[in-house]
Amino acid sequence: MKTIFKFLKKQRQNVLLLFFIVLLLIPQTRFKIQVFAQQLLAFSPSIEETSKEVNLSNWEIVDANGMVLRVEHINKPLVVNFWATWCPPCVAEMPSFQNVYNDYKDDVVFVFLSNEDVKTTKAFAEKHNYTLPFYTSTNSLPEAFNSDQLPTTYVLDAKDNLIINHTGSANWNSKKFRSTLDELLSKPE
């Protein structure tokens, strides 16, 4: 028995690495490890060098209750996030979005779009106590929002100019992003 402990003590790093690999092979723990790693590596998103106007006319979205909304010129900053419940980077950035949403929901329009059914997104929101506004799109997306990667987030100013186009997980609850929102809110319409 003493020799086993002696061996384990010498091989501690290898044993820990093997244990970590086994955890990655188990689907339930692999997803949680991926989410945790994404949260550790998330940075603030960058602001676009040149902003372009996004045409939001004729774009309709449906909320979790089946209410259809037309997204047009709304005279408020707009945050549009494409995500999925099965996407670790998407799940990783949701807590930071929830914190920003709690503070800016009255002044900024938030749209979290998923192609998943309403039942799945509702269950996800309830499980994590999210109050974020989840939607699905009923028609084609505005051309500027065409991306095949998740998560992708777009931020528009009150005049529908694209300010941020970010693909991948980010820390949306950063001072830098909050300053960006504050700056957008301080600009005259």
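## The protein overall

Accessible areas here come from the Shrake-Rupley method with a 1.4 Å probe, and for residues only the protein chains shown count as cover. On that basis, the accessible surface of the protein comes to about 11,600 Å², and 54% of it belongs to carbon and sulfur atoms. This is a predicted model, where local features need pLDDT of at least 70, side-chain atom pairs count only at pLDDT 80 or more, and totals for chains, interfaces and linings use all residues. Residues are numbered from 1 along each chain as its sequence is written, and side-chain values use heavy atoms, with hydrogens and water left out.

You'll find six helices and seven strands, running along the sequence as α-α-α-β-β-β-α-β-α-β-β-β-α. (Helices are DSSP runs of H or I with at least four residues, strands are runs of E with at least two, and both are numbered from the N terminus.) Of the 189 residues, 40% are buried; buried means under 20% relative accessible area, exposed over 50%, and partly exposed in between, with a 1.4 Å probe and protein chains only.

## N81 in strand β3

N81 belongs to strand β3 (residues 78–82) and is buried, with a relative accessible area of 0%. Its side chain makes a polar contact with the side chain of E93 at 3.0 Å. (A polar contact is a pair of N or O atoms within 3.5 Å; within protein, one must be able to donate a hydrogen and the other to accept it, and residues adjacent in sequence count only if both atoms are side-chain atoms.)

Leaving aside neighbours within four places in sequence, the contacts of N81 (heavy atoms within 4.5 Å) include F97, F112 and T152.

Helix α5 (residues 118–128) has T121, F124 and A125 buried. Seen down the axis, the buried residues fall within an arc of 95°, so they line one face of the helix; the arc is that of the directions from the helix axis to the C-beta atoms. K119, E126 and K127 are exposed on the other side. Cover for the buried residues includes α4 (88–104) and β5 (134–137).

## Aromatic rings

Rings of Phe, Tyr and Trp (its six-membered ring) pair if their centres lie within 6.5 Å; planes under 30 degrees apart count as stacked, over 60 as edge-to-face and the rest as tilted. That rule gives 13 aromatic pairs. For F97 and F112, the ring centres are 5.0 Å apart and the planes at 80°, so the pair is edge-to-face.
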